[in-house]
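Please open the structure in your viewer and keep the selection tool at hand.

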Amino acid sequence: MEQQLKHISKLMSLVLRHKPDAIGLYLNENGWANVQELIQKINDKGTNVNFDIIKTVVDTNDKKRFAFNEDKTKIRASQGHSISVELNLNETEPSEFLYHETVEKFLENIKKEGLQKMSRQHVHLSKDKETAIKVGGRRGIPQILKVKSGEMFKDGFKFYLSENNVWLTDNVPNKYIEFPS
Ligand code: HQG
């Protein structure tokens with residue numbers, strides 16, 4: 001069951017963040033998909049889901065990646081998109097420091113050009129080191145970068161907090177980054 005939920009969660013990440021076309025799903029400009037359509041199209045591709053399973057994924061997902069609208073007829077990913085969607089997030093003042101997890105092979109480039117959003121819509125930052133480490137254990141030994149978010153905010157950079165508490169910004173110039181020694 002757990003494996004099955006993980007499989008469905010990954011599929012939902014794929015179609016709600018990156019490739020709705022993989023199952024012919026329609027997302028509106030704010031990233032919302034119709035829940036019944038999502039269920040139908042996942043089933044059409046051979047994975048059995050119903051509303052209760054989707055709701056279990058939403059409720060139990062370790063990073064709260066997905067959210068329903070109020071009457072649970074629509075669903076979207078709360079962050080992490082590579083396709084262009086307008087999430088209408090509120091600008092929020094960050095704490096003095098935020099953290100970003102990366103891996104060694106990217107460090108040299110990040111030292112040169114700062115953090116860029118790469119294939120996603122934003123650079124993703126975490127409120128503390130522990131969360132940052134969780135983000136990226138997936139790619140290798142985590143390298144934690146400390147971002148001077150308070151200073152950036154004073155200098156006019158905008159920050160947004162996603163519904164699942166990921167801090168988002170457009171880019172982080174290298175002068176605001178403390179690298180591991
Ligand atoms: C790196 C996860 C070279 C950056 C997490 C990262 C997150 C650069 C990679 C979400 C660079 C991009 C996003 C530069 C940044 N040169 N490399 N100038 N600037 N990078 O996956 O932040 O588990 O797009 O350090 O929770 O790792 O998938 O971003 O290593 O919120 O739900 O380029 O993914 O969510 O990788 O992770 P990503 P990320 P999920």
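In which loop is Met118 found? Select Met118 and follow the chain to either side: the residue belongs to the loop between α4 (104-113) and β5 (123-125). Please keep in mind throughout that this is a predicted model.

**First stop: two residues with positive phi**

Remain at Met118 for a moment. Its phi is positive, about 50°, although the residue is not a glycine. Is Met118 buried or exposed? Its relative accessible area is 66%, and residues over 50% count as exposed, so Met118 is exposed.

Now select Lys72, in the loop between β2 and β3. Lys72 is not a glycine, yet it has a positive phi of about 60°. With a relative accessible area of 34%, Lys72 is partly exposed.

**Second stop: helix α2**

Select residues 35-44, which make up helix α2. Begin at the N-terminal end, which is capped by Asn34. A side-chain oxygen of Asn34 lies 3.0 Å from the backbone nitrogen of Gln36.

Which residues of α2 are buried? They are Val35, Leu38, Ile39 and Ile42. Colour these four and turn the view until you look down the axis of the helix. The buried residues fall within an arc of 100°, and they therefore line one face of α2. On the face turned away from this buried side, select Gln36 and Asp44, which are exposed.

What covers the buried residues of α2? The covering elements include α1 (2-18), β1 (33-34), α3 (51-60), β2 (66-68) and β3 (74-77). Before leaving, select Gly46, which follows α2 and has a positive phi near 95°.

Select His81, in the loop between β3 and β4. Is His81 buried or exposed? Its relative accessible area is 2%, and residues under 20% count as buried, so His81 is buried.

Next, show the surroundings of this residue. Beyond its neighbours within four places in sequence, His81 is in contact with Leu16, Arg17, Leu87, Arg120 and Gln121. Look in particular at Leu16: its backbone oxygen lies 3.3 Å from a polar atom of the His81 side chain.

Select strands β4 (residues 98-102), β6 (residues 143-147) and β9 (residues 177-178). In what order do the three strands lie? They form an open sheet in the order β4-β6-β9, with antiparallel pairing. β4 and β9 stand at the edges with a single partner strand each, so one side of each has no neighbour in the sheet.

Turn next to β6. Four of its five residues are buried, so the strand is largely enclosed by the rest of the structure. The antiparallel pairing of β4 with β6 extends over five bridges. To find this pairing in the viewer, select Glu101, which stands opposite Ile144 in β6. Thr102 likewise has a bridge partner in β6, namely Gln143.

Then move to the other partner of β6. The antiparallel strands β6 and β9 are joined by two bridges. Here Val147 stands opposite Ile177 in β9.

How many aromatic pairs does the structure hold? It holds two. Phe157 counts as partly exposed at 22% relative accessibility, whereas Tyr176 counts as buried at 2%.

The charged end of Lys111 sits over the ring of Phe179, 5.4 Å from its centre. Lys146 lies over the face of Phe97, at 4.2 Å from the ring centre.

Note on methods: Residues numbered from 1 in each chain as written. Predicted model: local features only at pLDDT ≥ 70, side-chain atom pairs only at ≥ 80, totals over all residues. Heavy atoms only, no water. Buried < 20%, exposed > 50% of the residue type's maximum accessible area, 1.4 Å probe, protein only. Arc of directions from axis to C-beta. Contact = heavy atoms within 4.5 Å. Polar contact = N/O pair within 3.5 Å; in protein donor to acceptor, adjacent residues only side chain to side chain. Pairing = 2+ DSSP bridges. Phe/Tyr/Trp six-rings, centres within 6.5 Å; stacked < 30°, edge-to-face > 60°. Lys NZ or Arg CZ within 6 Å of the ring centre and 35° of its normal.
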